[in-house]
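Visitor: I'm new to this structure and would like a close look at just one part of it. Could you pick a spot where helices pack together and walk me through it?

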Amino acid sequence: MSSPPTVQQSTGTHRPDARTWGVLVVMCGAIFLEGIDVAMLNVALPSIRADLGLSTGTLQWVMSAYVLGYGGFMLLGGRAADLYGRRRMFLCWLLVFLLFSGLGGLATQSWMLVLARFVTGVAAAFMTPAGLSIITTSIPEGPQRNRALLVYAGIASGGYSLGLVVGGLLTAIDWRWVFFAPVLFALVLLIAAVPLVPRSPRPAPTGQGIDLAGAVTVTAALLLFVLTVERATHTGVAQTIGTAAASLALLGAFLTIEARSRTPLVRLGILRSAALVRANVTGLLFLAAFAGFQFIAVLYLQELRGWSTLETSLALLAVSVDVVLAPLLTPRLVARYGNPRVILGGLLLAAVSYALFLRIGPETTYPAMFPTVIILGVAFALVYGPLTIAATDGIAEREQGLAGGLLYTSIQFGTALGLSVVTAVNVAATGTDGGPAAMLDGYRAALLVPLAAVVVAAVVTAFGVRRRTSSGDVEPGDGADLSTAVVRAPAEPVR
């Protein structure tokens, strides 16, 4: 098949109607649900362990099961949205999310809780790329879509931030409400989504279907990779190397299958988009840094300083300032300076934030810690939304689900990677002493990991910072007003 002709982008004069904004509200509610669900569980884990008598290893699986389901099935979810209908995938998997979150609240055995979290993660893996692609196919590229994506991303990160506080409050009542509250919220979203989310015409039959061989190999490779990272700190070296090698072998098999498949799960040609690749690498590193920082900050505040769960949650609440800044400030900065420059600025702010926290001591006051938290919130506002734009701009409509799946796969695996690396560094630096001085040394050593991650991300992003040419052309994905830019759609490989 030859390359599609050059296409002219939207003029930017399109104004979404009330129903389109209603759809955006539903999609923002769904990504808020996903963020708040994860955050609430984080703060409820000690209460869950005390009530069900879980060991530390089993408690880790309550968290890891969600990561395994989410990260392992994200690409399959994105492809399914493109092939079988975004509305259908969103509604069906939102219902699954609702049912299995409720099952988690009713769990009386560890296996029930782990199973519920795994299936909830799988549901999020199908629901999230479907929701993102519903937004990107409902609003043409340009300023309006950029603003919608920035609001969407701000709500996503805000859900996680607010979830820390809500989880603390609900856990004080009963940890089971951490699972029941998402059920009620998901039910409201489902009722609203049925009439609001439009039915889109199904693509004409082409004989295409899910690339089962590719789906099996990539899912197995990613699941095994997450398992390797998650267990690296408490298994032998030989076992870690073995699982890592098996993951790489499966990844190699996946790439071979995709290169030869007539209906690939991931069209490898999509990776020719430099903006998309940079967005995915930056997203992985940025979320790895944040997850690692938050993990160490919580340990520092609760284990060394003796703060309560609610006090810790309130201390980190200022990160959610991005909920306000993302829709109000970020669009203006993107329109003026372009996507890569805004992302780079946010990454540099994150580096400053993490560097400031390295000064923590046994008696550091909250006012001394506050600059780290508030600057990190500003950094989120500048990075997270523009990354979503960069990962989807210039991508053909039929592959918007795939682009969203790639981005959220990177984000999820970045989270798992960040947690595992900071844990390994913390354990190694703390040693066997266990005293306050040793604990503080371990925290400070581990905090170097988030700092290093965002510095590397800034270097990656710097390659995308380009000056506009005198003709006004911009690179797809830079997030500026694309109303006058002529962009060539990604070419299909010659069959």
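Guide: Let's go to helix α9 (residues 274-304) and helix α16 (residues 436-462), which pack with their axes 9 Å apart at an angle of about 165 degrees. An axis here is a line fitted to C-alpha atoms, for helices over the stretch in contact, and angles run from 0 to 180 degrees between N-to-C directions. α9 and α16 are therefore roughly antiparallel to each other; angles over 145 degrees get that label, under 35 count as roughly parallel, 65 to 115 as roughly perpendicular and the rest as oblique. The way α9 passes α16 is a left-handed crossing, meaning that the near helix is turned anticlockwise from the far one by less than a right angle, with clockwise giving a right-handed one. Sorted by type, the residues of this contact come out as 21 nonpolar, three polar and two charged. In that sorting, Ala, Val, Leu, Ile, Met, Phe, Trp, Tyr, Cys and Pro are nonpolar, Asp, Glu, Lys and Arg are charged, and the others, Gly among them, are polar.

A word on what you're looking at: this is a predicted model, where local features need pLDDT of at least 70, side-chain atom pairs count only at pLDDT 80 or more, and totals for chains, interfaces and linings use all residues. Residues are numbered from 1 along each chain as its sequence is written, and side-chain values use heavy atoms, with hydrogens and water left out. As for the helix names, helices (H or I, at least four residues) and strands (E, at least two) are DSSP runs, numbered from the N terminus.

Now zoom in on one residue of α16, Ala 457. Ala 457 has a relative accessible area of 0%, so it is buried; buried means under 20%, exposed over 50%, and partly exposed in between, using a 1.4 Å probe and protein chains only. Leaving aside residues up to four places away in sequence, Ala 457 touches Thr 282, Leu 285 and Leu 347, where a touch, or contact, means heavy atoms within 4.5 Å.

On the α1 side, Val 26, Met 27, Ala 30, Leu 33 and Asp 37 meet Phe 90, Leu 94, Phe 97 and Ser 101 of α3. Those residues divide into seven nonpolar, one polar and one charged.

α1 also holds Cys 28, which counts as buried at 8% relative accessibility. Among residues beyond four places away in sequence, Cys 28 touches Val 151, Tyr 152 and Ile 155.

Finally, step back to the protein chain, which has 16 helices and two strands. Of its 495 residues, 56% count as buried. Looking at contacts with a separation of 6 or more, 85% are between residues 24 or more positions apart.
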